[in-house]
Structure formats: structure tokens, C-alpha cells
Amino acid sequence: MDIGFRWYGEGNDNVKLENIRQIPGTTQIVWALHHKAAGEVWEKEEIQREMQLIESHGFKAEVVESVNVHEDIKLGLPSREEYIANYIETIKNLGGAGVKVICYNFMPVFDWIRTDLAKEMPDGSTALFYEKDLLNDASPQDIIERVLQNPEFTMPGWEPERLSKIEDTIQQYESVSEDDLFSNLQYFLERVIPVCKEHDVRLAIHPDDPPWSVFNLPRIVSNQEQLQRILSLVDEEHNGLTLCSGALGANKENDVPAMIHAFQNRIHFAHVRNVYRYDNGDFIESSHREEDGSVPITDIMNAYYDIGYKGCIRPDHGRHIWDEEGRPGYGLYDRALGIMYMLGIWDQKRKEQK
Ligand SMILES: [Mn+2]
């Protein structure tokens, strides 16, 4: 098992690689070329430059999050052919440079949704918050304004170019059912997975966040049954999952430890995060500690240990604590605390098994 840490690149992240190196046990930097729009080819030279920078700080750079899937692929438009060809080119370039896992998602329009990126907790820390009623009453435009009110940092999945035509895009999905979305995902996977096998790159789909429909858009990556169906679309090891305990954990029906045991070697990348679920359907991203939220983090780490998980695990998000500023959810301090909590469980387990 490798502990990873998501990093947004030089000049695009206030956390330094030098600081990440001081977090015990952290060996992978989870990276991306964040200036790339969905559908663009990632060129060999720019991939190499980024990986060399990461590796020169003593890290591995084998996990990429994310290579975004162009909306036309999700919509199943004829123009998807060009974007799938570009995706294949990117897989080849990343595989050739030594990347082993590519995380992606298949959420229509919105990558993830919260209503407040800095909700204050009783202890003065702030965290990402989802207020159910507010979302039900808001328009997509209202939500975009809320999420993008901190212009200092780009937010992954909220790139201005994909949001500029948001009303049109949402309208395009009116005729797309869940089954259509599954078919469009299958069409994509049938074309890219053979390339992944050839270049030994594992594709790892991230669950919907939150794991239910928003703005009546179809969602197909929200529970164990849907994840199983996705793995069956192309039943090859290279077609796998990013199991995110925080995204899935917002729905109390989702049993993440059971999913770890069910999916085993089809899990190529793990996000560990806790959320506290309120009775009214709201949720907030709490610390990693099990008691602080509603997700059984100790059971999750034990399950990864028990299946002999060899992939990368990263703390997904953290709260903002100790006056740290920066990209919401992606500060240094609380994610480092999360790593120490995860490693504590892991090391105890390892000692018991000896
Ligand atoms: Mn996640």
C-alpha cells in the first residue's frame, strides 16, 4: 500500500512538495495537468516535465487524478470519436511515462457539489458542507456562484470553460436516461480498456459525489450495484474503481467495507474520507477520525489490509485548521492528520498479524 497526496502543481498549489515529504509514510504524489481542458491530448513532454519535478522530490508519480472525460463522450454525441481518440493518445503517453493508474469520473456536468466550501464547525475549523434544502431550491447558476466565489484557486471539475454553457449542457441531458449513460460509458470503455491493457494502465472510475441525482441529471456511479454493473460492462482487471469512502459515505445505505471485500483487485485507487451525515440529509466533511463522522474509517482501513490492498490510498479532503488558507478541502494540515490516523490503524493491524 502506498500513501498518496494530491498536489495541484507548481504555482497552482500553496502546499509545497517539500512539506508533503515531511508527512510520515507518504510516497506517491497524485497529480494532473490541471491546465488541460477535457478532451485535450496530454503531450509526452509536459507529462515528463511534471513527473520529473515530482520524482526529483523523492516521490513516485504513478497515479493521475484526473483525466477528465469530455461531455460529448458522456452524452454519446458523434463528436465523441475525436475525444475518445485523444483519450487513447493520453493513456499511451501516460503509460509510456510510467503512470499506472488513471482516475476519472462519469458524472454529467458537475464533478462534485457542495453548497458551502468553508462551513464553520464548533471548534473553529471549516469544512465543505452540503445543505440538502438549499440545493433543492437553488439553480445550477446559484451553485456555480457559491462554489466559485473564492477565485484565488481553480476548483477541479469546475473549470470555467465547461461551466460557460451549463444551461445548454443540462438541457442536452434531458433525453439521456441512466441506461443511456451506462451505454455511453460502455462505448467508451470498450475502446479505451484494450489500450489500457496494452500499456498496463489501470482505469479507476470515481463515484458520484454526492451519490444521488442532482438537478435531475442521470447518475450511474452511486452504489454497489451500479459499481458492479460498471465492472461488468468490460470485465477486465484494467477496468476498475477509485473507491471513495467520502463520496459513497454520504449515503447511509452504502457499506464501504463490504464493497472493498466485494471488489478486491478491481480497486486501483482509494480515497479515504469521513463525512458526518445529519438526519435532515445534509452532510459535512469531518476529520478522518471515525467518531467525528458517520463513515467507519477503522473498518475501511482494516478491509483494505485484509484484502492485501497494494494500490495507492490518499486522504481525500481535509478541513481547514490552524488558520491555513488555500484550496478548499486541500490544505496540508488536516490531510496530514488524516494520513497519521490511517497509518495508525494500518500499523496496529500489521503488528497484530505478525
Ligand atoms: Mn474522492
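Figure 1. Apart from residues up to four places away in sequence, A247 contacts H206, P207, D208, D209 and P211, where contact requires that the C-beta atoms of two residues, placed from the backbone, lie within 7 Å. The structure shown is a predicted model, in which local features need pLDDT of at least 70 and side-chain atom pairs count only at pLDDT 80 or more, while totals for chains, interfaces and linings use all residues. Residues are numbered from 1 along each chain as its sequence is written. A247 belongs to helix α11; helices (H or I, at least four residues) and strands (E, at least two) are DSSP runs, numbered from the N terminus. A247 has 26 other C-beta atoms within 10 Å and is therefore buried. A residue is called buried if 20 or more other C-beta atoms lie within 10 Å of its own, exposed if 12 or fewer, and partly exposed in between, with C-beta atoms placed from the backbone. Between the C-alpha atoms of A247 and D209 there are 4.8 Å, although the two residues are 38 residues apart along the chain.

Figure 2. The peptide bond that joins D209 and P210 is cis, with omega about 0 degrees, and P210 is located in the loop between β7 and α10. F215 is found in the loop between β7 (202–206) and α10. Because 17 other C-beta atoms lie within 10 Å, F215 is classed as partly exposed. Leaving out residues up to four places away in sequence, F215 touches P140 and I170. F215 and A138 are 77 residues apart in sequence, and their C-alpha atoms are 9.2 Å apart in space. N216 also lies in the loop between β7 and α10. N216 is not a glycine, yet its phi is positive, at about 60 degrees. N216 counts as exposed because it has 8 C-beta neighbours inside 10 Å.

**Figure 3. Packing of helix α4 against helix α9.** Two packed helices are described by the angle between their axes and the distance between the axes. For α4 (residues 80–97) and α9 (residues 178–199), the angle is about 20 degrees and the axes are 10 Å apart. Axes are lines fitted to C-alpha atoms, for helices over the stretch in contact, and angles run from 0 to 180 degrees between N-to-C directions. Helices α4 and α9 are therefore roughly parallel to each other; angles under 35 degrees count as roughly parallel, over 145 as roughly antiparallel, 65 to 115 as roughly perpendicular and the rest as oblique. From α4, the residues I84, Y87, I88, I91, K92, G95 and G96 meet F188, R191, V192, V195, C196 and H199 of α9. The contact of α4 with α9 comprises 8 nonpolar, 3 polar and 2 charged residues. Here Ala, Val, Leu, Ile, Met, Phe, Trp, Tyr, Cys and Pro count as nonpolar, Asp, Glu, Lys and Arg as charged, and the others, Gly among them, as polar.

**Figure 4. Packing of helix α9 against helix α10.** Helix α9 packs with α10 (residues 224–233) at an angle of about 40 degrees, and their axes are 9 Å apart. Helix α9 is therefore oblique to α10. The crossing of α9 past α10 is right-handed. On α9, F182, L185, Q186 and L189 meet R229, I230 and L233 on α10. By class, 5 nonpolar, 1 polar and 1 charged residues make up the contact of α9 with α10.

**Figure 5. The buried side of helix α13.** The residues I297, I300, M301 and Y304 of α13 (residues 297–306) are buried. They lie on the same side of α13 because they cover an arc of only 95 degrees around the axis, the arc being that of the directions from the helix axis to the C-beta atoms. The elements that cover these buried residues include α11 (245–249), α12 (256–263), β9 (267–272), β12 (312–315) and α14 (333–353). G308, which has a positive phi near 70 degrees, follows α13.

Figure 6. A cis peptide bond runs from E65 to S66, with omega near -5 degrees. S66 is located in the loop between β3 (60–65) and α3 (71–75). W322 is found in the loop between β12 and α14. Although W322 is not a glycine, its phi is positive, at about 55 degrees. W322 counts as exposed because it has 10 C-beta neighbours inside 10 Å.

Key:
A crossing is left-handed if the near helix is turned anticlockwise from the far one by less than a right angle, and right-handed if clockwise.
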